[in-house]
Amino acid sequence: MPQVESLFNLAGVSTDDVEVLAVSIGPGSFTGLRIGLMTAKALAYGWDKMIVGVPTLEALAYGCPSADGWVSAMLDAQKGRVYQALYHWQAGMPGEVWPIRIVKAEQAFARLAELSAPVMVVGESVREYEELFATSGGSVIPAPEHSVMARAGNVGLLAYAKWQQGLAVSPAELNPLYVRRPEAEELWERRCRDKSDMKNTAGGKDELGV
């Protein structure tokens, strides 16, 4: 919050000058998403402003215009998997072709290599899976270094366009785009399921014999 205040002071503006807020909604780190969204939503609520959520992969694609029009944004989804989406530039905006999905990194690159046109990859996967570009026959191209990571300015510009299209919502309506469930929830359900199986196997008794 002190950084937000410093930015206002540096820009010479006040909260009265703000018409709408913008925030990236994921996918990404669950903790980071919760902190970022709660900060933006709290500001929007306190200032009585509307808010626009921008998918993180769309913001990545927006920061990397491709001469051939095709851009695939990828982010780490852990365990050798990536969040992947495919966009095609039209009228100065990245239009979604493949919705965000979770897939193994090798499969993500292989599917891009099957397309009829070259595709530029943007996102941290450019650095993490450098060796996979060599397997694509030159049709899957890493984005320039300055375009690899998401930028707040791209989120703001995309949000402005969405706001003009009437896509702003109240802070209470905005939710994170997780794509997958938190690993903690999956582990908890698995633990409960395993415990239930143990009770059934033991004839209705748990491991303590109760």
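## Salt bridges and strand partners

Arg127 is partly exposed here, its relative accessible area coming out at 42%. Keep in mind that you're looking at a predicted model.

**Exercise 1.** Find the partner that Arg127 meets in a salt bridge, and work out where the two residues sit.

*Solution.* 
- Step 1: Look for a carboxyl oxygen within 4 Å of a side-chain nitrogen of Arg127. You'll land on Glu145, with 2.4 Å between the closest N and O atoms.
- Step 2: Arg127 belongs to helix H5 (residues 125–128), while Glu145 is in the loop between strand S7 (140–142) and H7. The two are 18 residues apart, and the pair links distant parts of the chain.
- Step 3: Check Glu145 for exposure. Its relative accessibility is 53%, and the cut-off for exposed is over 50%, so Glu145 counts as exposed.

**Exercise 2.** The structure holds two salt bridges; track down the one made by Lys162 and say which parts it ties together.

*Solution.* 
- Step 1: Start from the side chain of Lys162 and you'll reach Glu58, at 3.2 Å from N to O.
- Step 2: Now ask about burial. Both Lys162 and Glu58 are buried.

**Exercise 3.** Decide whether Asn154 is buried or exposed, and list what it touches beyond its sequence neighbours.

*Solution.* 
- Step 1: Locate Asn154: you'll find it in helix H7.
- Step 2: Its relative accessibility is 14%. Buried means under 20%, so Asn154 is buried.
- Step 3: Skip the neighbours within four places in sequence, and the contacts of Asn154 are Ala59, Tyr62 and Gly63.

**Exercise 4.** Work out how strand S3 pairs with S4 and with S6.

*Solution.* 
- Step 1: Take S3 (residues 70–78) and S4 (residues 81–90). They pair antiparallel, over eight bridges. For one such partner, follow Val71 across to Tyr87 in S4.
- Step 2: Look at the turn. S3 and S4 make a hairpin with two residues between them. In that turn, Lys79 has a positive phi of about 60°.
- Step 3: Switch to S6 (residues 119–122). S3 and S6 run parallel, joined by three bridges. Here Ala73 has Val122 in S6 as its bridge partner.

Methods:
Residues are numbered from 1 along each chain as its sequence is written. This is a predicted model: local features need pLDDT of at least 70, side-chain atom pairs count only at pLDDT 80 or more; totals for chains, interfaces and linings use all residues. Side-chain values use heavy atoms; hydrogens and water are left out. Helices (H or I, at least four residues) and strands (E, at least two) are DSSP runs, numbered from the N terminus. Buried means under 20% relative accessible area, exposed over 50%, partly exposed in between (1.4 Å probe, protein chains only). Two strands pair if DSSP finds at least two bridges between them. Contact means heavy atoms within 4.5 Å.
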